Amino acid sequence: MNLAEPPQTRQESYFEPNEERLKKEEQRLKDDLELLLQIYLAGSISKILAFALGLDIVKNARNRIVDMINESAVETGLREITEISNEFLKMIADDLKKFLDGIEDKTLSVERQSFFINLLSSYIIFKSLADNTELLARTNSLTTLLWVIVDDEKTCDLCRENEGLHDITSLPPMPAHYSCRCFWILPGGQ
Ligand SMILES: [Zn+2]
């Protein structure tokens, strides 16, 4: 073994997300929510219907992330996961409700509406990725996960501190904040 090499290299990992596909899913989610917003603002659908459709869009995006994880799982010989988290949907439902309320009582400017959709889309994708990668590790009785940061001038101190290997029994919450771009890698050799 070469001691100059880090103990867990990317080549040894079971799973790491496909960056390009993540970006595509994030954009698709943004586009879907923007379109829904336009239809709602045009008065074509009720608030209740907009809420239901919004939740469906979010569920579908999350399911696509689960599919992405399971495709990698199969490739690397891991057991597939099934999506189970209701907590996530409850949280997103609250956010969607606040968003639609803000539009109805006109406290949410057009700029804020776009900002919210961008922020929420990114959060949904990265939260879905983190939750389900953790689930993939548990499903396969893996004991550690590697916190990976996107290292640039925007990376915050909190995420830098979290970078590295964590025991599955004490994982720090990921995403660490809105706009967090961190993700888990399942290290190999477990
Ligand atoms: Zn982060």
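Mentor: Keep in mind that this is a predicted model. The sheet is an open one of three strands, ordered β2-β1-β3, and the pairing is antiparallel. At its edges are β2 and β3, each of which pairs on one side only. From one strand to the next, the twist averages 40 degrees.

Trainee: How many bridges hold β1 and β2 together?

Mentor: Four bridges pair β1 (residues 144–148) with β2 (residues 164–167), in the antiparallel sense.

Trainee: Which side chains of β1 are buried?

Mentor: Start with the general idea: side chains in a regular strand alternate between the two faces of the sheet. Now the case here: Leu 145 and Trp 147 point to one face of β1 and are buried.

Trainee: Which strands does α4 lie across?

Mentor: Helix α4 lies across β1 and β3, and its direction makes an angle of about 20 degrees with β3. Helix α4 covers residues 110–139, and it packs with helix α2, residues 47–75.

Trainee: At what angle do α2 and α4 pack?

Mentor: The angle is about 40 degrees, and the axes are 9 Å apart. Angles between 35 and 65 degrees are neither roughly parallel nor roughly perpendicular, so α2 and α4 are oblique to each other. The crossing of α2 past α4 is right-handed.

Trainee: Which residues meet where α2 and α4 pack?

Mentor: From α2 come Val 58, Ala 61, Arg 62, Ile 65, Val 66, Ile 69 and Ala 73. On the α4 side they meet Ile 124, Ile 125, Ser 128, Leu 129, Asn 132, Thr 133 and Leu 136. Sorted by class, this contact has ten nonpolar residues, three polar and one charged.

Trainee: Let me try a single residue. Where is Lys 30 found?

Mentor: Lys 30 is found in helix α1, which covers residues 19–41.

Trainee: Why is Lys 30 called partly exposed?

Mentor: Count the C-beta atoms around it: a residue is buried at 20 or more within 10 Å and exposed at 12 or fewer. Lys 30 has 19 other C-beta atoms within 10 Å, so it is partly exposed. Setting aside neighbours within four places in sequence, Lys 30 is in contact with Ile 117, Asn 118 and Ser 121. As for Leu 49, which is 19 residues from Lys 30 along the chain, the C-alpha atoms of the two are separated by 18 Å.

Trainee: Let us step back to the chain. How many helices and strands does it have?

Mentor: The chain has five helices and three strands. Read from the N terminus, the order of the elements is α-α-α-α-β-α-β-β. The C-alpha trace spans about 65 × 35 × 30 Å along its principal axes.

Trainee: What percentage of the residues is buried?

Mentor: Of the 190 residues in the chain, 24% are buried. Contacts tell you about the chain too: among those between residues at least 6 apart in sequence, 72% join residues at least 24 apart.

Key. Residues numbered from 1 in each chain as written. Predicted model: local features only at pLDDT ≥ 70, side-chain atom pairs only at ≥ 80, totals over all residues. Axes fitted to C-alpha atoms, helices over the stretch in contact; angles between N-to-C directions. Helix = DSSP H or I, 4+ residues; strand = E, 2+ residues; numbered from the N terminus. Parallel < 35°, antiparallel > 145°, perpendicular 65-115°, else oblique. Left-handed = near helix turned anticlockwise from the far one by under 90°. Contact = placed C-beta atoms within 7 Å. Nonpolar A, V, L, I, M, F, W, Y, C, P; charged D, E, K, R; others polar. Pairing = 2+ DSSP bridges.
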